[in-house]
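Here is my note for someone opening this structure for the first time. Please look through the model, then take the points below in order.

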Amino acid sequence: MLPIEVVSLKKCYGDIRAVDDISFTVKQGEVFGLLGPNGAGKTTTIEILEGLRAKDEGQVKVLGLDPWKDGYELHKKIGVIPQEFTFFEKITPKEAIQYYADLFKVKVDPDAILKEVLLEDSAKVYFDSLSGGQKQKTGLALSLVNSPELLFLDEPTTGLDPNARRAIWEVIRGLKAKGKTIILTTHYLDEAQQLSDRVAIMNHGKIVAMGTSEEIIKQHGSGERLEIHGTEKLANYIKENTELQVDYNRSRGEIVIPLKQKIDALAALAAAEQSGMDWGEIQTRQDSLDDVFVKLVSYGVNEQGEIIGDNEVKPAVSKRRR
Ligand SMILES: Nc1ncnc2c1ncn2[C@@H]1O[C@H](COP(=O)(O)OP(=O)(O)OP(=O)(O)O)[C@@H](O)[C@H]1O
Ligand SMILES: [Mg+2]
């Protein structure tokens, strides 16, 4: 049995199609990253899976249960950190864990949980005096009280400094090593790439790409390219004097040459040198998940999975060849 199975899930709020016919599965022990811009439908999806919101259409199974109908049963088996997690002000992490344990009617060792989330040092500090990172760790601690096999973490690192984010990553990695299945939403693509086995990118309620980061980059990225900081005139010169495809990005003042083979870079640079014109920094690069994300959510994809719409990288004007 897969921990999560979603088929053709839909949810509208009035005219807003918050979740618009999405399907995905999550495997046992997997960290699954749900990405997308603000309003893409991530929290709505997660809250339907948690049994906190009702779906409109589609099938959803979480740990073999229907989250809406079997919520009581499900809540014993899952851990949740809601987006923008907060708690009573005058309670310490240790007391909060005990409070949750009483609610769940389970026996816990609060110190062991605090250790698991790297929060031992702040066990007795009031919640309102904890740093942002320590508050999120408290949320993680509370999500672990019932020893869940499946965790939903909705933006667990938003607003944290780089060190605090890394501390949360360490906790998440520890939980993964223990075999927990984790659904994670984040706006930090580096984080998604580092932590997730697979990601789904949502936009306007739809999943526009899904797979490992490498698969998504391979499918939607534009491959290796040479970038030369220079003028459009130089771009046209290179285009007219080589057999290469040469694009020009006006906003960045950059000549962009997709490299079918590495030797193409040599031909481009030889032409640039021969032009007698000046150019600045040169580099070769490949798309990161970040680049692909920006393309996917800015331009959309067609049914074949190809990126469509108005790309900011335009072909250089001249189509003439010598
Ligand atoms: N309770 C609600 N009533 C009406 N509209 C809602 C409600 N909850 C969410 N929405 C709308 O549904 C869409 C999806 O929202 P959702 O919170 O799922 O997005 P998200 O991907 O989690 O965004 P963010 O990254 O900002 O957290 C948005 O347009 C939002 O305004
Ligand atoms: Mg959200």
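1. Domains. Start with the division of this predicted model.

2. Where the domains meet. How many residues of domain 1 are in contact with domain 2? There are 10 residues on the domain 1 side, in contact with 6 residues of domain 2. On the domain 1 side, the elements giving two or more residues are α7 (189-195), β8 (198-203) and β9 (206-211). Helix α7 supplies the largest share of that side, 3 residues. By type, the domain 1 side has 7 nonpolar residues, 3 polar ones and no charged ones.

3. Overall form. The secondary structure comes to 11 helices and 14 strands. Along the principal axes, the C-alpha atoms fill a box of roughly 80 × 45 × 35 Å. The chain has 322 residues, and 36% of them count as buried. Take the contacts between residues at least 6 apart in sequence: 69% of these join residues at least 24 apart.

4. Confidence. The average pLDDT of the chain is 91. A score of at least 70 is reached by 93% of the residues. The stretch to treat with care is 310-322, where pLDDT stays under 50. The model has 24 contacts beyond four places in sequence for residues 310-322. Where pLDDT is low, predicted coordinates should not be read in detail.

5. The main core. The largest nonpolar core has 59 residues. Those with the most contacts inside this core are Leu34, Leu35, Ala141, Phe152, Ile182, Ile183 and Ile201. Helix α6 (residues 162-177) gives the most to this core, with 5 residues. The core also draws on both domains: at least three residues come from each of domain 1 (4-211) and domain 2 (221-315).

6. Ala141 and the second core. Which residues does Ala141 touch, leaving aside neighbours within four places in sequence? The contacts of Ala141 are Pro93, Ile97, Ile113, Leu114, Val117 and Leu119. A second, separate core has 13 residues, among them Ile228, Ile238, Ile257 and Ala268.

7. Helix α9. In α9 (residues 232-241), the buried residues are Leu234, Ala235, Tyr237, Ile238 and Lys239. The cover over these buried residues includes β11 (247-249), β12 (254-258) and α10 (263-275). For reading this helix, recall that an α-helix has 3.6 residues a turn, so residues three or four places apart point the same way.

8. The ligand. Which residues surround ligand 1? The shell consists of Tyr13, Ile16, Ala18, Gly36, Asn38, Gly39, Ala40, Gly41, Lys42, Thr43, Thr44 and Gln83. Two or more residues come from each of β2 (16-26) and α1 (42-49). The largest share is that of α1, with 3 residues. The shell divides into 4 nonpolar, 7 polar and 1 charged.

9. Asp21. This residue lies in strand β2. Asp21 is not a glycine, although its phi is positive, at about 70°. Is Asp21 buried or partly exposed? Asp21 counts as partly exposed because it has 14 C-beta neighbours inside 10 Å, and a buried residue needs 20 or more.

10. Glu155. Here too the backbone deserves a look. Glu155 has a positive phi, near 50°, in a residue other than glycine. Glu155 sits in the loop between β6 (150-154) and α6. Why does Glu155 count as buried? Glu155 is buried because 21 other C-beta atoms lie within 10 Å, and the cut-off is 20 or more.

11. Asp291. This residue belongs to helix α11 (residues 289-299). Asp291 has 16 other C-beta atoms within 10 Å, so it is partly exposed. In sequence, Asp291 and His220 are 71 residues apart. In space, C-alpha to C-alpha, Asp291 and His220 are 9.6 Å apart.

Terms used
Residues are numbered from 1 along each chain as its sequence is written. Chains are lettered from A and ligands numbered from 1 in the order in which they are written. This is a predicted model: local features need pLDDT of at least 70, side-chain atom pairs count only at pLDDT 80 or more; totals for chains, interfaces and linings use all residues. A residue is near a molecule or strand if its C-beta atom, placed from the backbone, lies within 6 Å of it. Helices (H or I, at least four residues) and strands (E, at least two) are DSSP runs, numbered from the N terminus. Ala, Val, Leu, Ile, Met, Phe, Trp, Tyr, Cys and Pro count as nonpolar, Asp, Glu, Lys and Arg as charged, and the others, Gly among them, as polar. A residue is buried if 20 or more other C-beta atoms lie within 10 Å of its own, exposed if 12 or fewer, and partly exposed in between; C-beta atoms are placed from the backbone. Two residues are in contact if their C-beta atoms, placed from the backbone, lie within 7 Å. pLDDT is the predictor's confidence in each residue, from 0 to 100. A nonpolar core is a set of buried Ala, Val, Leu, Ile, Met, Phe, Trp, Tyr and Cys residues joined through C-beta atoms within 7 Å. Domain bounds come from an automatic or database domain assignment.
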